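Look at the structure first, then read on.

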Amino acid sequence: MFTGGGSGMMGLPMYASEVVQEDIQEQFPPPEILEKWHNGQEADWPPLDMDDEMDLLPQLRFNVEQKVECRVGPDEVTGWVKGTITQLWYREKGWAEGSFAPYKVLLDDGREIFAPGDVDSVIRAQT
C-alpha cells in the first residue's frame, strides 16, 4: 500500500526494518518521561520550549519598569505599597511546571515580592 521510505503518522519510516535508533530517540519520549507516565505523574511530551510557553501566556496590563502599587496588607485603604515591575511572568524554583506569577515587583521599601494575579485587588497602576 505504501512504499518504503515514507513517513508514518509519527514521522517514522513505514517499514520496521527501516527504523533506526536515531528515529526512535527523536520521535519517542525519553525514559524519564515514560517513567513519569508509568507512575501516573504528568509530563509534557513533546516538551514546550520556554519561548513557545511564554507565547501561550495572556497579555498583561503592566510592563517592566512600570510604577505600580501592590496590596501587601489586609486594609483596603492603607495596605498598598508603591513599587516597580522588574519581571513579567515570574516563577520560582520548585513551583509546579507551568506555574507563573504575572509580576515580580521591587517595592520602594526594598522588598521584592510577586503579584499572584493581574487584578486590581492585588496590583494597580500607581496613583
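## Aromatic rings

Ring pairs join Tyr90, Trp95 and Phe114 into a cluster. The model is predicted. Its structure holds five aromatic pairs in total.

One of the pairs is formed by Phe62 and Tyr103. Their ring centres are 5.7 Å apart. Phe62 sits in the loop between helix H3 (50–56) and strand E1 (67–71). Tyr103 belongs to strand E3 (residues 101–107). The pair therefore ties together parts that lie 41 residues apart in sequence. Both Phe62 and Tyr103 are buried.

## Charges over rings

Arg91 places its charged end over the ring of Phe100. The distance to the ring centre is 5.4 Å.

Arg124 lies over the face of Trp80. Here the distance to the ring centre is 3.8 Å.

Is Glu69 buried or exposed? Its relative accessibility is 5%, so Glu69 counts as buried; the cut-off is under 20%. Glu69 is part of strand E1.

Which side chains make polar contacts with the side chain of Glu69? Arg124 is one, at 2.8 Å. Thr127 is another, at 3.2 Å.

Leaving aside residues up to four places away in sequence, Glu69 touches Trp80, Val81, Lys82, Val122, Ile123, Arg124, Ala125, Gln126 and Thr127.

Methods: Residues are numbered from 1 along each chain as its sequence is written. This is a predicted model: local features need pLDDT of at least 70, side-chain atom pairs count only at pLDDT 80 or more; totals for chains, interfaces and linings use all residues. Side-chain values use heavy atoms; hydrogens and water are left out. Rings of Phe, Tyr and Trp (its six-membered ring) pair if their centres lie within 6.5 Å; planes under 30 degrees apart count as stacked, over 60 as edge-to-face and the rest as tilted. Helices (H or I, at least four residues) and strands (E, at least two) are DSSP runs, numbered from the N terminus. Buried means under 20% relative accessible area, exposed over 50%, partly exposed in between (1.4 Å probe, protein chains only). A charge sits over a ring if NZ of Lys or CZ of Arg is within 6 Å of the ring centre and within 35 degrees of the ring normal. A polar contact is a pair of N or O atoms within 3.5 Å; within protein, one must be able to donate a hydrogen and the other to accept it, and residues adjacent in sequence count only if both atoms are side-chain atoms. Contact means heavy atoms within 4.5 Å.
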